[in-house]
2 protein chains.
Amino acid sequence: MSKSLENKEFGVKQIARLANVSIATVDRVLHNRKGVSEATKKRINDIIKEFDYKPNIIASRLASKKVSKYAVLIPSSTETDFWEAPLSGIDRAAKALKQYGIVVLKFFFDLNDKQSFLKQVDLILEEAVDGLLVAPSFVEEAIQLTTRCNERKIPYVFINSDVPGQNSVCYIGPHLFCSGYQAAQLMDFAVKTGKVLLINVSKELDQYHHLLRKEEGFRAYFEKNNKKLQILKLDIKQTDSSSIEDALDKVFSEQKGIEGVFVTNSRVSAVAHYFERKSIVKVLIGYDFLKENIKYLELGIIQFLICQKPEEQGYRGIMTLHRYTDLHERRIEDQFMPIDIVTKENYRFYHN
Amino acid sequence: MSKSLENKEFGVKQIARLANVSIATVDRVLHNRKGVSEATKKRINDIIKEFDYKPNIIASRLASKKVSKYAVLIPSSTETDFWEAPLSGIDRAAKALKQYGIVVLKFFFDLNDKQSFLKQVDLILEEAVDGLLVAPSFVEEAIQLTTRCNERKIPYVFINSDVPGQNSVCYIGPHLFCSGYQAAQLMDFAVKTGKVLLINVSKELDQYHHLLRKEEGFRAYFEKNNKKLQILKLDIKQTDSSSIEDALDKVFSEQKGIEGVFVTNSRVSAVAHYFERKSIVKVLIGYDFLKENIKYLELGIIQFLICQKPEEQGYRGIMTLHRYTDLHERRIEDQFMPIDIVTKENYRFYHN
DNA sequence: CTGAAAGCGCTTACAG
DNA sequence: CTGAAAGCGCTTACAG
């Protein structure tokens, strides 16, 4: 390593000297603290502008020993292991930010229980956090949360699903419509003739809304590119394996000529499991890089999985809170995740 | 923000007190500087271990004002705009590390001129850098470089293509064989009957070696999954448009029944251009998220582009140098990039 | 081989 | 409304 060659950097001391004040006063205007006359305030701000002064955040952190506290509110991983990935992204970010005095508190709710969401919200608000990363799985409950955050001026970032018009810092997650559109193109490639079956598997109505947006994208593709292909639809409102099996039995006995199946979420493994047992061979497309799904990808029963960087979503969520809360960035844009196509051939290289 | 609640952290002062020495001596053993008796050294090290002391790198950086200097050696973007992406990743990392006193010097060579590579190497070695990120496009010249780096104990990271067995910190880039394998699967899906044409477009022999590894992967897929499909091969050793056109004219007049074309690098746009002019409709698969390629993807002339996160390669390259040089991480693994499948439907969401 | 003291660039009471 | 001084946890000459 070499020494810094630059002579004395331009800092508070220099500003103070030029403005004929003490560094304490410079610090006051730097942080918009009151108790400075307009005249000296202007004088100092002019100098800051003229020299394009940037504070040394290293020194600032060392001196202030500030600590930021973020809360995370996401589903627990009991029902599905999908949320393990965002969680590990959150942990990765937390680890990276730890040495800058940032603490991340984690709260989990049950995807089958709206009350558990509200209960965790209470706990979070007791903590006086500086920012919140939340998966707004339940729309109404999420709005209750944002209302309370707005009152307290706590900024929040939405992850994985969006509730538009809620004054969030930003949304980080998939563009649902477009991911359905992509699924359709893959289906169009792989299925030359016959019918296509679209399956929504979901208990909770809130989740179902998100699936509908993917369905719209899927249909939009065929509307535009291949109107002849017939799309059948199956809603499965129970997620236990026997309900799924019954529903599949029914549709495949009633409908002949189904060549491709698109499952609009990670439940695709349940369909794959069924195909395996019944030795059914069709093009099968679904969502998410989960162990079960990868197993069937490897077996050649699932052809394509669409994945949307769940780990990255968690990582970016925390980093975005940091950018907003600590680095005072504004106008942070929504961050749509890439629409990754995962296959038997490339899954080993996939970065969540 | 809340104040740190923890009482006085455990630091050099505490260690010094416990060991009955001054903090200067503690600093000496912390940095393995000589001039400390074995006895006190042991005493201090024991305390460090016992309390699992971790230095405050914020304070350390502020006090030392250390600066690290990395060099980057990559192709200039005159011939192809591929290298703009790694460059922008490098800039992004440089920007993030700037406030930690890390400086990145950039050097460029001409992909058509091995001498220019060696010339830049001389310039870099004059700079006494602390680390090097290099695209070893020319194998022999790269080995000359690594030899000289080894003498000077300058660590180096390979990016985009590898030269195995060279004692690099690690390799960051695509797994060529597997990316060819993935291309073959897409081709297999999209082409049901007929022949497939594989095209290598490359002037320099060194680049050609890399293309061969993709070709091997491509063939391996069909060897395993679909032996019936016939694979034709075309080498184009000149990269100007009229040479490419002549070669394509020749192959398409001689060979009938070609349904799919796989171009093993980013030159796929040249083939797409040809298809457009001659109104040829075939499945076309190639490499890299370049403006020209995206244009033909949008037009539906190219179906799939395989991309390997060029921006990310640059970013990771610098960050890896930082991890090795400044954070003293060891055993850093090779980092294979994901094999991204980019289509007309998802390219808008692609993160380079 | 070891220590006392100044300093990195900022922040924070405290005093006026 | 403003300033002098101490301090954040480490590093760096300098002196012995």
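Predicted model: local features only at pLDDT ≥ 70, side-chain atom pairs only at ≥ 80, totals over all residues.
**Conventions.** I number residues from 1 along each chain as its sequence is written, and letter chains from A in the order in which they are written. Local features need pLDDT of at least 70, side-chain atom pairs count only at pLDDT 80 or more, and totals for chains, interfaces and linings use all residues, while side-chain values use heavy atoms, with hydrogens and water left out.

**Entry 1, the two copies.**

I counted contacts as heavy atoms within 4.5 Å. On that count, 45 residues of chain B touch 45 residues of chain A. Of the interface residues of chain B, 100% are also interface residues in chain A, so the copies meet through the same surface. I took buried area as the accessible area (1.4 Å probe) that two parts lose on being put together, summed over both. For chains B and A this is about 4300 Å², with 64% from carbon and sulfur atoms. I also looked for salt bridges (a side-chain nitrogen of Lys or Arg within 4 Å of a carboxyl oxygen of Asp or Glu). Between chain B and chain A I found zero.

For exposure I used relative accessible area: buried is under 20%, exposed over 50%, partly exposed in between (1.4 Å probe, protein chains only). A:Gln182 is buried, at 0%. Beyond its neighbours within four places in sequence, A:Gln182 contacts A:Ile306, A:Ile339 and A:Ile341, as well as B:Thr343, B:Glu345 and B:Asn346.

Five of the six residues of S9 (residues 258-263) of chain A are buried. I called strands paired if DSSP finds at least two bridges between them. Strand S7 (residues 195-201) of chain A runs parallel to S9(A), with five bridges; A:Ile199 has A:Val263 as its bridge partner. Strand S10 (residues 283-287) of chain A is also parallel to S9(A), with three bridges, and A:Leu284 stands opposite A:Val261.

B:Glu38 is exposed, at 60% relative accessible area.

Terms used: Helix = DSSP H or I, 4+ residues; strand = E, 2+ residues; numbered from the N terminus.
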